Amino acid sequence: MCGIVAYIGQKNACPILINGLKRLEYRGYDSAGIALFDSEQNLNVYKTKGKVSDLENFIKDKNTEGKIGIAHTRWATHGEPNDVNAHPHYSQSKDIALIHNGIIENYAPLRKELEKRGFTFQSHTDTEVLVNLIEDIQQNEKVDLFEAVRIALNQVVGAYAIAIISKKEPYTLIVARKGSPLVIGIGKEGDYYIASDATPIIEHTRKVVYLDEEEIALVQRNTDICIKTIKNEEKTPYVHELEMNLQELEKGGFNHFMLKEIYEQASSIRDSMRGRLHPETDTISLGGISDYEQKILRADRIIIVGCGTSWHAGLVGEYLLEELARIHVEVEYASEFRYRNPIISERDVVIAISQSGETADTLAAIRLAKEKGATILGICNVVGSSIARETHAGVYTHAGPEIGVASTKAFTAQVTVLTLLALRLAQLKASITKSRFKELAIELESIPEKVKQLLKNDEQIIKIAERFKDTRNAIYLGRGINFPIALEGALKLKEISYIHAEGYPAAEMKHGPIALIDEEMPVVVVATSQRIYEKVISNIQEIKSRKGKVIAIVTEGNQQIKDIVDYIIEIPCTEELFVPLLATIPLQKMSYHIAVMRGCNVDQPRNLAKSVTVE
Ligand code: F6R
């Protein structure tokens, strides 16, 4: 959460920073700000409540010249979203400006101490405490900015990605990180581009250095980057080549990123299988974890950790791994797992699922499990992200950049990778027959084509969205492997359209939630052909007899259900185990259309941010 961008070079910094903020706006959009040195070495800070477009309007008539600058888009943690709490923050003397993504947990005692030493504060933020701490150290210890930052960061408890500029060293940019991500792009003309992730950098350069935990970098034009840890050890920067391409970051003719990403799923699912699934030779190869396969097979259990949509993918994974590979799986909310003193041993394998690879709770969960000796694997989308780097091994989902805050294509890519993993382990364990393996592998390969077909069907979904756009509540039901799909459907609806929605295992209805059913209540049921299809039909009958409105996701050609329910959405026929890959998609689309009809900001829903780097 929060996006940071910085630039140092020969070009005009302001447009580079503003474009960078636009790419990072998915990380937070409560307020935005920019700090620039002008030609007379004045350090100008402009900031405002609202979005990057508000900042752009705000600075129209301001002096925005300058070749060095820092900029920030905020997701509020400390202090309400307003102009004062927006970043960058000046130090008391206004000599230093700082932007920050993360949380300084011990900001209150630090602030008290600084107040005793004569500092006054304009904002309620933890960030203003940090910038004044740096100023205080510089004044008292007579050290340069880099050293003052290093000393300050040794006093700080919490997470940070920061960028700092100072009037006293106007040709220098200092950046540092712990817990929050930070990437340094190496430009072609001795210039440097800094950002929370690579999306603002890709249009300028493909060469990047990912800063590691507790590292600080001194960045100056035409000079190699100098990196040290906060303990003062020198580090050699390792230059990576970015693989992302620019078109992936544009809307490409769609009204919203979310819609584009929904429509990308035929290709993103194919990309997650590319080079891995070979039905013709009966092989599945997951190169990233091939050295760990035996370890997984010998494991006492697999623990899957994740948050939100990634946790839902984990629930589908539990079903797949237990059903196919007969391995005991537990799925945990990363945020609960990390504070529960969980029992973990060297015989456990922990799989962290995360689109961004930066989710603070998931990161903390894997660190805890690593300390206890477990083998840690990752399923991440963002290449080079913190989780990808801190796991022993992993499999990238290759879904491409996901910009819409609501996760869509990343989810189906996670489920695809989990399906490949379950099939691969089942093959190694011989827990399914060779012919069953082949059957499943062939069917999995056909899924992208079925998704393509499914994506053509919009009319019915729009009709349903029209009918229910003003509902205040909705219920989603599913059973077995489709229970997590009910949870995911409900999450998609609530997060982008602000309609209260809950997902339940269908049979749980009669243990309480059925009391909510009346003639106004839409109930979305995943009722595809499956082992317990008849039971799902009984659950639907229970709702209908209480006059609920049922929208059923059914297998193409199902005639029987048409007479029982109010609306049907057909999906192509597939193996029961692969239904989640298809059934999710109409639910994503339905949420999308309802949100658009309600006038909601689909790509940037209120109060949310894509990359949750705070606990
Ligand atoms: C919902 C959504 C969130 C994320 C969650 C975890 O649409 O996007 O629930 O799934 O914040 O994020 P990652 O996968 O980046 O760890």
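## The loop around Asn 232

Asn 232 lies in the loop between strands β13 (226-229) and β14 (234-235), where strands (E, at least two residues) and helices (H or I, at least four) are DSSP runs numbered from the N terminus. Its phi is near 80 degrees, a positive value in a residue that is not glycine. Asn 232 counts as partly exposed because its relative accessibility is 35%; buried means under 20% relative accessible area, exposed over 50%, and partly exposed in between, with a 1.4 Å probe and protein chains only.

This is a predicted model, in which local features need pLDDT of at least 70 and side-chain atom pairs count only at pLDDT 80 or more, while totals for chains, interfaces and linings use all residues. Residues are numbered from 1 along each chain as its sequence is written, and side-chain values use heavy atoms, with hydrogens and water left out.

## Other backbone features

Lys 547 also has a positive phi, of about 70 degrees, although this residue is not a glycine. Its place is in the loop between α17 (533-544) and β26 (549-555), and Lys 547 is exposed, with a relative accessible area of 52%.

A cis peptide bond, with omega of about 0 degrees, joins His 87 and Pro 88. Pro 88 is found in the loop between β4 (68-74) and β5 (89-90). As background to these features, most residues other than glycine have a negative phi, and most peptide bonds are trans.

## Overall form

The protein has 18 helices and 27 strands. A compact globule of 615 residues would have a radius of gyration near 25 Å, and the protein, with 25 Å, agrees with this; the radius is taken over C-alpha atoms, and the globule rule is 2.2 Å times the number of residues to the power 0.38. Along the principal axes, the C-alpha atoms fill a box of roughly 80 × 50 × 45 Å.

Of the 615 residues, 62% count as buried. Among contacts (heavy atoms within 4.5 Å) between residues at least 6 apart in sequence, 71% join residues at least 24 apart.

## Domains

The protein is divided into domain 1 (3-247), domain 2 (250-456) and domain 3 (457-615), with bounds that come from an automatic or database domain assignment. The C-alpha centres of domain 1 and domain 2 lie 34 Å apart, and 13 residues of domain 1 are in contact with 13 residues of domain 2.

## Two buried residues

Thr 528 is found in the loop between β25 (522-526) and α17, and at 1% relative accessibility this residue counts as buried. When residues up to four places away in sequence are not counted, Thr 528 touches Asn 482, Tyr 533, Ile 553, Val 554, Thr 555, Ile 571 and Val 579. Thr 528 and Glu 556 are 28 residues apart in sequence, and their C-alpha atoms are 8.7 Å apart in space.

His 593 is found in helix α18, which spans residues 579-597, and counts as buried at 11% relative accessibility. Leaving out residues up to four places away in sequence, His 593 touches Asp 458, Ile 461, Ile 462 and Ala 465.
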